[in-house]
Protein chains: 2
Amino acid sequence: MLIIDALQYNNPHRDRFEEWRAGGVGCVHVTLAIWENARETLSVIGQWNRLFEQNADLIALAKTGQDIEAIAASGRTAVVFGFQDTSPFEDDIELIEVFHQLGVRIAQLTYNVQNRVGAGCWEDDTIGVSKFFGRNVIAEMNRVGMLVDVSHCTERTCFDAIEYSTRPIAITHANPQEFVGTDIELNRRNMSTDLIRKLAESGGVIGLSNYPKIMKGGSDCTLETFLDMVAWTVDLVGADAVGLGTDFYDGWPVSQIKWWRAGRWARESAVPITGFSDWPSWFQSSRDFPQVLEGMKNRGFSAEEIAKIAGGNWLRLFDESFKPAGGS
Amino acid sequence: MLIIDALQYNNPHRDRFEEWRAGGVGCVHVTLAIWENARETLSVIGQWNRLFEQNADLIALAKTGQDIEAIAASGRTAVVFGFQDTSPFEDDIELIEVFHQLGVRIAQLTYNVQNRVGAGCWEDDTIGVSKFFGRNVIAEMNRVGMLVDVSHCTERTCFDAIEYSTRPIAITHANPQEFVGTDIELNRRNMSTDLIRKLAESGGVIGLSNYPKIMKGGSDCTLETFLDMVAWTVDLVGADAVGLGTDFYDGWPVSQIKWWRAGRWARESAVPITGFSDWPSWFQSSRDFPQVLEGMKNRGFSAEEIAKIAGGNWLRLFDESFKPAGGS
């Protein structure tokens, strides 16, 4: 069965690739950049070029749905390149196609704060996709075949992106706020029921996450509760719109959190840095994917539903999204 | 009498500097950058270094109010460096001090569209200064001694900037919407009466502009009508809050308008490019400043009022704004 994890942001290392293999993960969407600008992102791509060369037995870059299937079938993990902010595009609409040429297939519009394109979830909810650069960026991503991701955006930015995008979009890593409740550390990261419905109606997929700071119960969230959330979301929008997006990370020093939370735009994190949360006991690394799938089976999900949620839905969306508009 | 023009954006050339001298202009705030990034802006500063060297008989860089007075007293024109967008700061709060070290003393938060800091006047009026980078940028500009300019911003961004800034701010080049009326090409560039009042209450100054696209009557606006606008604004907020900011430009090809209107963020201008407007007959270049001042005198402005409006108010605001916070 094809397993696709719609978001991991590790400090890339062979240990992670071995975990992917041990967990039977056929495809992982990895983050190349958050605040990195164009030039810095080129260096990150250069680092990945070396990683692909040195770990060719374990991983390969996927630019299409076909690539994902072929790489997974070869017993390796397909890596899909993505950004968690549009920073690498800087102010230049033309850089979207350039990064697409380099293999980037997914870009989140903004990470937590406001940029030229839209607003992140820490900003006021009233701010959406900007009328000029924001709409242009979405149109250009639609044209070249780059999937719009809104996981860290304001609700308004999410709704606007669904409206302006001519192709389905993704929430690669977030949870339903109504199920999780608002009493968690990073509540603003989770998504309203109306939004998840709208996303699904438009053909999009949401990747449910076991990142402790956005799960019910945090690090103590049980597999049972996580599966309750999967079931709740499937009940809401059906099994075709739900996938997995762990938001798993490993190998970073705690100081990395400051980079994610403050970039270069603040001297201190605007949100208190509480350190890395412990991953739940049932998901210590990608090796534990089989446990999650086993749990789904025990809970009564059908084989067909499990196949869709584990990877089938992402494969469908990635396959159709990574092609240029009008392409075949 | 010290004449200060709070905004010109010429393609820099000795001809302009000669016009400044012929018009008796003691200080001009020039634009170095709109969409230029940090690296590109360094090159623009490099070009100005050569211009100062080659035209030392006519111009010199001013970093303080004292510099402005001394350079003007020497029979030359003091040049104040400024940006019309925060693009040169890119995503880095630390670049504000770096550009201050290089002489930059004024920065407009955004030019027409949304950026990380706030929103320009083409965007929805509801978008203001962003909660994170935007407030940090204003605080840092306050700290190092860089004047906040909001001439091309949304009303909300203007009001927010006044609120968050601990020091007075500027509208270097815009006109009162209530006087000019809304039936002009670039109406969104002009400012509401409430905003101009608030700006003045907080110690700021507005630079009235004879840029045809934002004047009543456009290129046919008479000197009489322009002076009506000066009088109207002085009646509104007093003679201490009003200055001149022509928005004069010269030496650009028409294609430059596309750069200003679209930067790299759009393939075409979002606003129709109607070409450069003819400057009004009574202001063909900086040589015509004496005509404007003569008009003010004939119209009954007192010598004291004319001195304030022609340059005294800008000198006061520049002098206090260009010092580091707590500096003397």
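Residues are numbered from 1 along each chain as its sequence is written, and chains are lettered from A and ligands numbered from 1 in the order in which they are written. Because the model is predicted, local features need pLDDT of at least 70 and side-chain atom pairs count only at pLDDT 80 or more, while totals for chains, interfaces and linings use all residues.

Biologist: What is the mean pLDDT of chain A?

Modeller: The term pLDDT denotes the predictor's confidence in each residue, from 0 to 100. In chain A, 99% of the residues reach 70 or more. The mean pLDDT of chain A is 97.

Biologist: What is the radius of gyration of chain A?

Modeller: This radius is taken over C-alpha atoms, and the globule rule is 2.2 Å times the number of residues to the power 0.38. With 328 residues, a compact globule would have a value near 20 Å. Chain A agrees with this, at 18 Å.

Biologist: By what turn can chain A be laid on chain B?

Modeller: The copies are superposed by least squares on the C-alpha atoms of residues with pLDDT of at least 70 in both. The RMSD is 0.0 Å and the shift along the axis is 0.0 Å, with a turn of 180°. That is the relation of a two-fold axis, the turn being 180°.
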